[in-house]
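Please look over the sequence and the model shown below before reading on. The notes that follow move from the chain as a whole to its surface and then to its aromatic rings.

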Amino acid sequence: MLLATFFKVHPGYLVDDPEGYSTELVSSLGAPEDKLDFWLIAGAERFHDDAELASALVKLSPAR
């Protein structure tokens, strides 16, 4: 704390993060929209020969 005060930085700046530390939220649960998006994009790739169908599937994708 003394060094952080002296250098006018956050105390965490002066130390390393523990192994496996992440600033992002991690969840083993996938959002239903992610599954739907994956399914629609996979369908668009599968039916790439049918341009209208592939385009419609991509447009329906929530990530669009």
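## Briefing on the predicted model

The protein chain exposes about 6,200 Å², and carbon and sulfur atoms supply 60% of that area. The model is a predicted one, and of the 64 residues of its protein chain, 12% count as buried.

**Fold**

- The secondary structure of the protein chain comes to three helices and zero strands, and read from the N terminus on, its elements run α-α-α.

**Nonpolar surface**

- A nonpolar patch on the surface is formed by Leu-3, Phe-6, Phe-7, Tyr-13, Leu-14 and Val-15, which together have about 720 Å² of accessible area.
- Leu-14, one of the residues of this patch, is placed in the loop between helix 1 (2–7) and helix 2 (32–46).
- Leu-14 has a relative accessibility of 42%, and because partly exposed covers the range between under 20% for buried and over 50% for exposed, Leu-14 counts as partly exposed.
- Phe-6 and Phe-7, which also belong to the patch, are both exposed.

**Aromatic rings**

- With ring centres required to lie within 6.5 Å of each other, the count of aromatic pairs in the model comes to one.
- That pair is formed by Phe-6 and Phe-7, with 5.0 Å from centre to centre and 85 degrees between the planes; because planes over 60 degrees apart count as edge-to-face, the pair of Phe-6 and Phe-7 is edge-to-face.

Key: Residues numbered from 1 in each chain as written. Predicted model: local features only at pLDDT ≥ 70, side-chain atom pairs only at ≥ 80, totals over all residues. Heavy atoms only, no water. Patch = residues over 30% accessible without salt bridge, like charges linked within 9 Å, V, L, I, M, F, W, Y side chains within 5 Å. Areas by Shrake-Rupley, 256 points an atom, 1.4 Å probe, with all protein chains shown as cover. Salt bridge = Lys/Arg side-chain N within 4 Å of Asp/Glu carboxyl O. Helix = DSSP H or I, 4+ residues; strand = E, 2+ residues; numbered from the N terminus. Buried < 20%, exposed > 50% of the residue type's maximum accessible area, 1.4 Å probe, protein only. Phe/Tyr/Trp six-rings, centres within 6.5 Å; stacked < 30°, edge-to-face > 60°.
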